[in-house]
Amino acid sequence: MAPFLDGNNNGESPLSSLANAMKLSTAETSPSHPPHLHHLAAQVQHNLDHQHDWTKLRIHTHSPLPSCALLSRPVLSGIPPQRIYIHPDEQVEMLKHGLTEADLEPAREWVLPTHLKEKWSLRKFAEIFDNIGEAPPGECEHHEPGIVNEIDGSSYIARKREKRLLLATVGDDSTIVYYIVHDGIVKPRQN
């Protein structure tokens, strides 16, 4: 199993939680990951936990794939309070069955912590996507793609998930902006 750090505040204040997460992330720093990348991951983890109500947050330093290779930088995973993204084909199925986004359980998501001043290329994104799976480990509490899901008496077939991540870009003033990034081209959603 790949090493990770759990986001658990144990009743501490949010500021104490962040300080302890940064101490823990520094203690767990791998020789191949500079401390500033662990601090960046801890800052994004803190923001998701305390500002956006994510649960089951983890910091991954190794690939969840069988190779268990060291990732080029720490990557987070967690469960948002509601679905972050619905594929256009799944959106059509939901409309056919009268379902809304609120009817779907949230799915565990990958989060890539970055800093605004970093330069990202397609090669760097490809390196990250090559070392993560379609879904982060710990997906067992959710429905598997391709299986008929029963929600409010309606049933539909969940679409196979494609690789995606949430790009968390931290600014110098600690503002964090989130973007959905897909591995490849995805047709746009219908509004």
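The model is predicted, with local features requiring pLDDT of at least 70 and side-chain atom pairs counted only at pLDDT 80 or more, whereas totals for chains, interfaces and linings use all residues. Residues are numbered from 1 along each chain as its sequence is written, and side-chain values use heavy atoms, with hydrogens and water left out.

The chain contains 4 helices and 8 strands, assigned as DSSP runs numbered from the N terminus (helices, H or I, at least four residues; strands, E, at least two). Along the sequence these elements follow the order β-α-α-β-β-α-β-α-β-β-β-β. Of the 191 residues, 41% count as buried (buried, under 20% relative accessible area; exposed, over 50%; partly exposed, in between; 1.4 Å probe, protein chains only).

Helix α2 comprises residues 35–51, 17 residues in total, and its first and last C-alpha atoms are 24 Å apart, close to the 24 Å expected at 1.5 Å a residue; the expected span is 1.5 Å times one less than the number of residues. Buried positions in α2 include Leu37, Leu40, Val44 and Leu48, as well as the polar residues His38, Gln45, His46 and Asn47. Aspartate 53, which follows α2, has a positive phi near 60 degrees.

The structure holds 5 salt bridges, each defined by a side-chain nitrogen of Lys or Arg within 4 Å of a carboxyl oxygen of Asp or Glu. Among them, arginine 73 and glutamate 118 are paired at 2.7 Å, N to O. Arginine 73 belongs to strand β3 (residues 70–79) and glutamate 118 to the loop between β4 (109–115) and α4, so this pair ties together parts that are 45 residues apart in sequence. Arginine 73 is buried at 6% relative accessibility, whereas glutamate 118 is partly exposed at 24%.

A salt bridge also joins glutamate 109 to arginine 164 (2.8 Å, N to O). This pair links distant parts of the chain, strand β4 and strand β7 (residues 164–170), 55 residues apart, and both partners are buried. In a further salt bridge, arginine 83 meets glutamate 90 at 3.5 Å, N to O; the relative accessible areas are 17% for arginine 83 and 7% for glutamate 90, and both residues are buried.

Glutamate 127 lies in helix α4 (residues 122–130) and is partly exposed, at 38% relative accessible area.
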